[in-house]
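Thanks for making time this morning.

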Amino acid sequence: MITLYHCDGARSFRPLWMLEELGLAYELKMLPFPPRVFAKEYLAINPLGTIPFMVDGETKMTESSGICHYLGTRYGPTPLVVGVDDPAYGAFLNWMYFSDATLTFPQTLVLRYSQLEPQERRNPQVAGDYAKWFLGRLRAVEAATGKAETLCAGRFTAADIVNGYALRLAENIGLAKEFGPNVAAYWARLQARDAYRRAVAAEQKAGLDQNVAPRVRA
Ligand SMILES: N[C@@H](CCC(=O)N[C@@H](CS)C(=O)NCC(=O)O)C(=O)O
């Protein structure tokens, strides 16, 4: 059984959505955010204190987009992963890495300096600068989704899951009103997917069942 440690609305939503798209069985363990402060015992499981943390037998992983890639290749074949012989292989990998290194990175600075830090450490200039940074990088998604329904390979793939999560986070931190028309339409299409809805429902149910209230989303 695959175990996924998750906080409401956090990056661990990427592998949660991937698990639902693949139809795999999993156990979802909810944690309060940030776990390193509110669930110190979690540090014995994942010394980084971050989520996601995925355990699959001897395999333990902490990178949200990497876990999606792992699940697709380990439990595939699946059209969610683009293979090395496909002309879109490079584009697929580029979008996989882009999702966290380029898109989510500036978002976390917006969240931190607008909401997570204590009032006296908040910094509107940092938050504003990194919001602009994020929206600048999002132009790549606006261009790609103006040409096709999905990011690459002419079909829905894990690249859409991992970048789609960045759109979910953008909505949670108030940046969705700045989406261009193609990104807005793409985000609406992603949210209409059955597996996306199942992942949202699983997140809510697990939070209620395990008595972990939704907190600030990161
Ligand atoms: N690059 C990692 C980042 C993981 C990460 O930093 N997760 C955040 C939440 S989205 C976290 O756990 N923050 C709490 C902390 O740093 O204590 C990934 O893509 O999963």
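The domain assignment divides the protein into domain 1, which covers 2–78 + 196–209, and domain 2, which covers 89–193. Please keep in mind, as we go, that this is a predicted model. The C-alpha centres of domain 1 and domain 2 are 20 Å apart, and the contact draws on 18 residues from domain 1 and 22 residues from domain 2.

Let me stay with that interface for a moment. Between them, domain 1 and domain 2 bury about 1700 Å², with 57% of it on carbon and sulfur atoms. On the domain 1 side, R14, W17 and Y196 lose the most area to domain 2, and together they make up 36% of what that side buries. The interface of domain 1 and domain 2 also holds 4 salt bridges and 14 residue pairs in polar contact, counting pairs with both residues at pLDDT 80 or more.

Now to the ligand, which is surrounded by 12 residues, the closest being R36, I51, E63, S64 and D100. That shell divides into 5 nonpolar, 3 polar and 4 charged residues.

Taken alone, the ligand exposes 510 Å², and the protein buries 84% of that.

Finally, D100 also forms a salt bridge with R11, where the closest N and O atoms are 3.2 Å apart.

Methods
Residues are numbered from 1 along each chain as its sequence is written. This is a predicted model: local features need pLDDT of at least 70, side-chain atom pairs count only at pLDDT 80 or more; totals for chains, interfaces and linings use all residues. Side-chain values use heavy atoms; hydrogens and water are left out. A residue is near a molecule or strand if one of its heavy atoms lies within 4 Å of it. Accessible areas come from the Shrake-Rupley method with a 1.4 Å probe; for residues, only the protein chains shown count as cover. Ala, Val, Leu, Ile, Met, Phe, Trp, Tyr, Cys and Pro count as nonpolar, Asp, Glu, Lys and Arg as charged, and the others, Gly among them, as polar. Domain bounds come from an automatic or database domain assignment. Contact means heavy atoms within 4.5 Å. Buried area is the accessible area (1.4 Å probe) that two parts lose on being put together, summed over both. A salt bridge is a side-chain nitrogen of Lys or Arg within 4 Å of a carboxyl oxygen of Asp or Glu. A polar contact is a pair of N or O atoms within 3.5 Å; within protein, one must be able to donate a hydrogen and the other to accept it, and residues adjacent in sequence count only if both atoms are side-chain atoms.
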